[in-house]
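Here is a short report on how one protein chain packs. Have the sequence and the structure open as you read.

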Amino acid sequence: MFDNKYYVDLMNRQGLFTSDQDLFVDKRTRGIVESFAIDQQLFFDYFTVAMIKMGQMSVLTGTQGEIRSNCSARNTQSFMSVLEEGIEEAISMI
């Protein structure tokens with residue numbers, strides 16, 4: 001069942017990962033966790049808005065985008081150059 005149990009679990013100190021539990025521990029995000037845990041409809045409302053926004057994002061294809069090795073930072077090389085190097089290395093092993 002899709003619900004706000006994730007946030008309820010965080011308030012009960014039952015987060016699956018430390019990084020999840022940190023959302024409740026950190027004073028900057030604790031209020032959000034508490035609000036979503038207490039008010040399931042509020043969580044649903046915010047989730048709906050987030051899904052609509054995600055649906056409006058343009059998908060990057062081909063060389064327009066990159067697969068990041070670190071999600072919070074751009075890769076130093078483009079994805080395509082890394083991919084091409086990997087292909088060349090694989091071919092040289094054959």
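## Model and core

This is a predicted model. Its largest nonpolar core has 7 residues. They are Tyr-7, Leu-10, Phe-24, Val-33, Phe-36, Ala-37 and Phe-43. Two elements give two or more residues to this core: α1 (5-11) and α3 (30-38). The biggest contribution comes from α3, with 3 residues.

Phe-36 belongs to this core. Set aside its neighbours within four places in sequence. Phe-36 then contacts Asn-4, Tyr-7, Leu-42, Phe-43 and Tyr-46.

## Helix α3

Which residues of α3 are buried? They are Val-33, Phe-36 and Ala-37. These residues span an arc of only 100 degrees around the axis, so they sit on the same side of α3. The general rule for an α-helix is 3.6 residues a turn, so residues three or four places apart point the same way.

The cover over the buried residues of α3 includes α1, α2 (18-25) and α4.

## Helix α2

The buried residues of α2 are Asp-20, Gln-21 and Phe-24. Viewed down the axis of α2, they fall within an arc of 95 degrees, so they line one face of the helix. They pack against α1 and α3. The other side of α2 carries Thr-18, Ser-19 and Val-25, which are exposed.

Take Gln-21, a residue of α2. Why does Gln-21 count as buried? Its relative accessible area is 14%, and the cut-off for buried is under 20%. Leave out neighbours within four places in sequence, and Gln-21 touches Asp-9, Leu-10, Arg-13, Gln-14 and Gly-15.

## Nonpolar surface patch

Which residues make the nonpolar surface patch of about 540 Å²? They are Phe-2, Phe-47, Met-51, Met-54 and Met-57.

Phe-47 lies in helix α4 (residues 40-55). Is Phe-47 buried or partly exposed? Its relative accessibility is 33%, so Phe-47 counts as partly exposed. The band for that class runs between the 20% and 50% cut-offs.

The buried residues of α2 pack against α3, and α2 is part of what covers the buried residues of α3.

Methods
Residues are numbered from 1 along each chain as its sequence is written. This is a predicted model: local features need pLDDT of at least 70, side-chain atom pairs count only at pLDDT 80 or more; totals for chains, interfaces and linings use all residues. Side-chain values use heavy atoms; hydrogens and water are left out. A nonpolar core is a set of buried Ala, Val, Leu, Ile, Met, Phe, Trp, Tyr and Cys residues joined through side-chain atoms within 4.5 Å. Buried means under 20% relative accessible area, exposed over 50%, partly exposed in between (1.4 Å probe, protein chains only). Helices (H or I, at least four residues) and strands (E, at least two) are DSSP runs, numbered from the N terminus. Contact means heavy atoms within 4.5 Å. Patches are made of residues with over 30% relative accessible area and no salt bridge: like charges are joined within 9 Å, nonpolar side chains (Val, Leu, Ile, Met, Phe, Trp, Tyr) within 5 Å. Accessible areas come from the Shrake-Rupley method with a 1.4 Å probe; for residues, only the protein chains shown count as cover. A salt bridge is a side-chain nitrogen of Lys or Arg within 4 Å of a carboxyl oxygen of Asp or Glu. The arc is that of the directions from the helix axis to the C-beta atoms.
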